[in-house]
Amino acid sequence: MPDPPAEELPHGYVEGAEEAAEAQSRLVLSDVDSGVVRVLDLITGGVTDVGRTSGVEESAGDGRFAYLAADGKVRIVDSGTWMVDHGDHVHYYRAAVREVGAIPGPGLTGAHSDVAVVAVSFGDGRASLLDRAELDAGTIAETGTIEDVAREASVVPYDGHLLVPVEQPGQVHVRSRSGQPVTTIDQPCPSPAGAAVTRRGVVFGCADGALLVTSEGGTFSGAKIPYPRPVSDAERAREFDHRPGSDVLAAKAGETGAWSLDIAHRAWTFVATGPALAVSAVGAGGPLLAVTADGALHAFDGGTGRETAAIPLLSAPGGAAPTIEVDTTRAYVNDAGVVHEIDYNDSLRRARTFELGGRIAHMVETGR
């Protein structure tokens, strides 16, 4: 008797995960006092504790995993939510929150991934390459290291390769996923710092502007987006924040304001926020958000720099530095033991407030 035909798995099936019709956003939060790491489910409001990590100094996320740097190592937490973008449609998944483990490395300058590899970059100029499929399964498997990364920048997996910013002579190298040289982007990038992935390519901060790296048919190229005026080292963009997938980036401009970088129009706009504790960009047609030293949250037109709304927000300005995380309809800002959910399309209205206790110092949103 012949064997029955194998059951056909539905398109997008992921073993052990539940598929959902909408983004299943969660926040990974670390408490600066107790060291407790928690995951806040923004759909249900539920909170899951994931152990303790004292002294977290930096954090990063790649859409599913949170990377928390403390005491010479980076702890990896699986938030249990992620999305898979097929271009013409998107799949959203949710699964259990879990601890994955930790990898050694001083500091954290970034963590970026694709379907095959995760690149975790450290402040000593090294990047650790991890097998993404193994990480999805709950195991850390290092496949290699890169030793010559610019110390303020990070390695970015892109189009089946790795983009590696190097300090001298200030360039972005294209390498294979195992780290072997392939080519070099012809446009220079002096003193690389910061990196962001957009639908139009990967952006690196340079001393003289930004470098946009794109790939078409396996051919990599770079386009420089120069600053609109001479910019001092203190004013240059060193870290970019934005809604994942969007084409508008935000960066602090020293103590004077913030930069809005429109990738589609390849243009910078200076926004006179004054000293900003945190900034982020919503995307094309949306505001640049900034939390200033007085604890207020501001919205600015990213194209003109004009302020469009402002509200008092932080209950204790001067405490743990806030983070702004942005998705398609809401922004989230940590404030001592509270997370504020902000409707940025409605004059910065507070939509919800999550009372968590403690003092939240780092926050990463996943599931987007």
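Helices (H or I, at least four residues) and strands (E, at least two) are DSSP runs, numbered from the N terminus. This is a predicted model in which local features need pLDDT of at least 70 and side-chain atom pairs count only at pLDDT 80 or more, while totals for chains, interfaces and linings use all residues. Residues are numbered from 1 along each chain as its sequence is written, and side-chain values use heavy atoms, with hydrogens and water left out.

**Whole chain**

Along the principal axes, the C-alpha atoms fill a box of roughly 75 × 50 × 40 Å. Buried residues (under 20% relative accessible area, with exposed over 50% and partly exposed in between; 1.4 Å probe, protein chains only) make up 52% of the 368 residues.

**Strand β14**

Select Ile146, in strand β14 (residues 142-146). Ile146 is buried, at 3% relative accessibility. Contact here means heavy atoms within 4.5 Å. Beyond its neighbours within four places in sequence, Ile146 is in contact with residues including Leu129, Val155, Leu162, Val164 and Arg175.

Move to His173 in strand β17 (residues 171-175). His173 is buried, with a relative accessible area of 18%. Its side chain makes a polar contact of 2.9 Å with that of Arg175; a polar contact is a pair of N or O atoms within 3.5 Å, where within protein one must be able to donate a hydrogen and the other to accept it, and residues adjacent in sequence count only if both atoms are side-chain atoms. Not counting residues up to four places away in sequence, His173 touches Leu162, Leu163, Val164, Val166, Thr183 and Thr184.

Next, select Pro169, in the loop between β16 (161-166) and β17. The peptide bond joining Gln168 and Pro169 is cis, with omega about 10°.

**Two loops with positive phi**

Go to Arg266, in the loop between β24 (257-262) and β25 (267-271). Arg266 is not a glycine, yet has a positive phi of about 50°. It is partly exposed, at 46% relative accessibility.

Finish at Ser347, in the loop between β32 (338-343) and β33 (349-355). Ser347, also not a glycine, has a positive phi of about 55°. Ser347 is exposed, with a relative accessible area of 56%.
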